[in-house]
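The sequence and structure come first.

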Amino acid sequence: MKAFRSLRLLISISRTSTTTPRCKPHPPHTFLRRFYSAQPNLDEPTSVNGDGTTGDSVFDSNQYSIPEDSVKKPKQPNWDKGYRERVQRELFPEDKGKLKESSDEEEESSEDEEESVDRSRILAKALLEAALDSADDELGEGEVREEDQKSLNVGIIGPPNAGKSSLTNFMVGTKVAAASRKTNTTTHEVLGVLTKGDTQVCFFDTPGLMLKKSGYGYKDIKARVQNAWTSVDLFDVLIVMFDVHRHLTCPDSRVVRLITYMGEEANPKQKRILCMNKVDLVEKKKDLLKVAEEFQNLPAYERYFMISGLKGSGVKDLSQYLMDQAVKKPWEEDPFTMSEEVMKNISLEVVRERLLDHVHQEVPYGVEHRLVDWREQRDGSLRIEQHLITPKLSQRKILVGKGGAKIGRIGIEANEELRRIMNRKVHLILKVLLK
């Protein structure tokens, strides 16, 4: 109450001082108005400068002089008159001597209007067809029209360590799948693309498959092997591959059952071929004929090939056969550039291959491999960060090595190979973590 009384007293004093002409007027009491928020401050706009102009945060149309001519007018044709006359002469040769400017004439008959509409339609159609034809004629080097493209999807299956990944890498011409002497190197389906001329062949490398004694596929705990079995009938051509050198030296009944199981019943929507891999390890080449005779009575296999996926022996005939089986279908992959997803998968496969080369027994199979960061730097280099997660502390110590020697060796070799594949500087970061 005392504050309100003092406020009233001050206001009454200010009023009496302004009414007396002999005294000089007091300056406005803005400090009272600013202090009490209940009274609106109408005399001081916050967005106006001292010279009367508003700030940048406020738009006022009175501060801009908008000319009246800025109203949008209908666009007039801006083509070259000479070009227009030349097109008119080529499309309408009967009117060579009748091309005159008639912009001042405002009245035309209905017949002339219909004729002009028809001519404009013919002209627009001719220009559109010319533009489309010129776009098709200006194809770059290696480009193929969509209607001329041929494509084929090829699946590669077989027992573990049969050389499927080595064949895929040799066909594609670069490393897309990890290849190692250890079994079960491939953990998921890997895509490799071969483009030659107007034909594109997509290779799908699958994990190793086996059969039980009952003749059905193993029900593996991991879903990747089950997915490989479910995708067998989805390919245009299916390659069944096995190690012929191991079959001659130490035959496995599970491999024989797999080959027989896939070759007993033919699929009318799929062509199947049998590939005997690693023929370079066989000293007596006559033994290869005995193996071919052993599986010659299987009706599902149309052709038999003896190849070496690592050395490339016999791969040329296999590649030519696959090219001939391609059908007219648009390409599914870009033949000139690798997508970011493919490059990420290649980085994981390269590191996994080095991991299998330097770490043995069950340790590499229990490691959880993750791609954490993939970033392109301003200087054009690539930053890749991957985490290797181990379930046990003892496995983490084995993977790291003494003073980080083992993980350092894996990282150096993988970094060098990634630089060769991607043809640019790569900054690879590997971290070993405990789950």
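H387 sits in strand β9, which spans residues 382–390; helices (H or I, at least four residues) and strands (E, at least two) are DSSP runs numbered from the N terminus. Residues are numbered from 1 along each chain as its sequence is written. The model is predicted, so local features need pLDDT of at least 70, side-chain atom pairs count only at pLDDT 80 or more, and totals for chains, interfaces and linings use all residues, while side-chain values use heavy atoms, with hydrogens and water left out.

**Surroundings of H387**
- H387 has a relative accessibility of 15% and therefore counts as buried (buried is under 20% relative accessible area, exposed over 50%, partly exposed in between, with a 1.4 Å probe and protein chains only).
- The side chains of H387 and E385 make a polar contact at 3.1 Å (a pair of N or O atoms within 3.5 Å; within protein, one must be able to donate a hydrogen and the other to accept it, and residues adjacent in sequence count only if both atoms are side-chain atoms).
- Apart from neighbours within four places in sequence, H387 is in contact (heavy atoms within 4.5 Å) with E368, H369, R370, V372, K431 and L433.

**Aromatic pairs**
- The count of aromatic pairs is four, where rings of Phe, Tyr and Trp (its six-membered ring) pair if their centres lie within 6.5 Å, and planes under 30 degrees apart count as stacked, over 60 as edge-to-face and the rest as tilted.
- F204 and F235 form a tilted pair, because their ring centres are 5.4 Å apart and their planes stand at 35°.
- F204 belongs to strand β3 (residues 199–205) and F235 to the loop between α6 (223–230) and β4 (237–243), so this pair ties together parts 31 residues apart in sequence.
- F204 and F235 are both buried.
- Y301 and Y304 form an edge-to-face pair, since their ring centres are 6.2 Å apart and their planes stand at 65°.
- Y301 is buried at 5% relative accessibility, whereas Y304 is partly exposed at 28%.

**Whole protein**
- The secondary structure comprises 13 helices and ten strands.
- Of the 435 residues, 35% count as buried.
- Among contacts between residues at least 6 apart in sequence, 68% join residues at least 24 apart.

**Confidence**
- The average pLDDT (the predictor's confidence in each residue, from 0 to 100) is 76, and 67% of the residues score at least 70.
- Residues 18–73 have pLDDT below 50, and this stretch has 20 contacts in the model beyond near neighbours in sequence.
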